[in-house]
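Here are a few exercises to work through with the model open beside you. Try each task before you read its solution.

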Amino acid sequence: MSVVFCGVCPHPPIAVPEVGGSEASEVSDTQEALLELGRRIIKSGAETVVIISPHAPVFRDVVGINLSPQLKGDLGYFQAGNVRYLADNDPALAREISRQATDLGMPAILLTEEEERQYGINLRLDHGVVVPLYFLRKAKLETPLVHVSMALGQPRKLYLFGIAVRRAAEKMGRRVALLASGDLSHGLTQDAPGGYLPRGKDFDSLLAGLLAVPDVEGIVKMDPELVAQAGECGYHSIVMMLGALDGYDVKAEVLSYEGPFGVGYLVASLEPEGENPEKSLYQKIRSEGQAERARQRAGESYLVRLARNTLESHVSGSPPPAPVDVPEEFLKSAGVFVSIKKHGNLRGCIGTIEPVTSSIAEEVSANAISAGINDPRFQPVRKDELDNLDYSVDVLQPPEPISSLHQLDPFKYGVIVRSGWRSGLLLPNLEGIDSAEEQVRIARQKAGIRPEDPVKLERFEVVRYK
């Protein structure tokens, strides 16, 4: 069992008669195409529908998957609260998609009531799901749903999500339909919701043509400037969906396209046929990634190469090699942090404020193993992950006490906070941390120091090796 059907569906509330009234008939082609999409999903034998929406809670580089036991939504925001739906979730499939996506390098988090409270998000079905669902139900489609939040980020990375859905479907033995909800340009006319966008029609025409072939690689590699200038909300969802078709011949059909209200509404059907390895964009992405990693490793610093070799030997069951031909500057002692990332996401970070070995080289070897195996935030690194790991090493310079946050610069200095026997450290120049206040807050949190507890502050510089 696998992904047996893919589709693109717009979500104009005005297409629902209870919202649009007499104007709904102006998108009759879209209405009929969505009904046909539902009939084709039924014919495919899909047991679960996974739908990606740009109007669910969106995180930049992370896919959100709704884990609510039952999925509820309506069109009350559009004065049609009587259009409401209750659908069963498929939590086992949702969890497996999350595991597969994260393992591939497209992190996916499961969203529950706890995240709803923590992030102030709403897990009710949004109109990006409810509008298509209106027509799918009219077509007599009744299946569990998996409600997915579109993510932003690099298209090549988003593409991995569809591959994850297919792998999850295969592992769970499910016949799955994967739908990308999204409208095309919002700026086709002078009175369009987004105002007139001169390149909107170009974007819609190109994307429709590429979907009709389909030219998956052409879509994933579309000019980002054209995408940005189109004022659309469907491109990223479509790219995420397309990964499910990787390595397959595909029967594709654009069922309708229209834009009477200045917004492009496209409905497309994509049915996987036989496997065709020559159609695998993923293999091209992997090959390009491997070539890039080879270039990176050829330029690795001594300490990073030492960290990598040490952890790889440990995980593979061989005795870690003793540091050899150590440059003179690494024979002295210092605190060291080893950071490990996988697909750009932190995979482990362990270090020492004060040295516990006789040299920086020995400190790196010890902390590389700890970062890969003993970081309590992560499972130990597995052997099959080693090729996808990137390392950096920070050698700490002696810390100095400071009396004020004004003496910190999160891009230049790391910070140590101390309160009694507790201490917390945060390295400098970390992604997403651009203020001293945030730097200290996180260091306090790591040490279990309450916001109101008095602390002593120290700053330090590092020499970072990559």
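**Exercise 1. In which loop is the place of T143?**

Some ground rules before the solution. This is a predicted model, where local features need pLDDT of at least 70, side-chain atom pairs count only at pLDDT 80 or more, and totals for chains, interfaces and linings use all residues. Residues are numbered from 1 along each chain as its sequence is written, and side-chain values use heavy atoms, with hydrogens and water left out.

*Solution.* 
- Step 1: T143 sits in the loop between α5 (127-138) and β7 (145-149). Helices (H or I, at least four residues) and strands (E, at least two) are DSSP runs, numbered from the N terminus.
- Step 2: check accessibility. T143 counts as buried because its relative accessibility is 15%; buried means under 20% relative accessible area, exposed over 50%, and partly exposed in between (1.4 Å probe, protein chains only).
- Step 3: look for partners. Setting aside neighbours within four places in sequence, T143 is in contact (heavy atoms within 4.5 Å) with A46, E47, T48 and V49.

**Exercise 2. Find which residues line the largest cavity.**

*Solution.* 
- Step 1: On a 1 Å grid over the protein atoms alone, a cavity is a set of points where a 1.4 Å probe fits but cannot get out, and a pocket is an open set with protein on both sides within 12 Å along at least five of seven lines; lining residues have an atom within 4 Å of a point.
- Step 2: search the whole structure, and 1 cavity of 30 Å³ or more turns up. The largest cavity holds about 50 Å³ of space, a volume being the space filled by probe spheres set on the points, with grid points joined across faces, edges and corners.
- Step 3: list the lining, which is V49, L133, L136, R137, L141, E142, T143 and L145. Helix α5 supplies the largest share, 3 residues.

**Exercise 3. Work out which element gives the most to the lining of the second largest pocket.**

*Solution.* 
- Step 1: this pocket has a volume of about 1300 Å³, and 38 residues line it, with L160, I285, G289, R293 and H343 nearest its centre.
- Step 2: elements giving two or more residues to that lining include α7 (160-172), α11 (235-242) and α12 (281-298).
- Step 3: zoom in on α11. It is largely enclosed by the rest of the structure, because 8 of its 8 residues are buried.
- Step 4: now A168, whose place is in α7. At 0% relative accessibility, A168 is buried, and not counting residues up to four places away in sequence, A168 touches L93, E96, I97 and Q100.

**Exercise 4. Trace the two hairpins and say which turn residues have a positive phi.**

*Solution.* 
- Step 1: β4 (residues 70-75) and β5 (residues 80-88) pair antiparallel over 6 bridges; strands pair if DSSP finds at least two bridges between them. The bridge partner of L71 in β5 is A87.
- Step 2: that hairpin has 4 residues between its strands, and Q79 in the turn has a positive phi of about 60°.
- Step 3: sort the faces of β4. L71, G73 and L75 make the covered face, while Q70, K72 and D74 make the uncovered one. In a regular strand, side chains alternate between the two faces of the sheet.
- Step 4: β11 (residues 336-342) and β12 (residues 345-351) run antiparallel, joined by 6 bridges. Here 2 residues lie between the strands, and H343 in the turn has a positive phi of about 55°.
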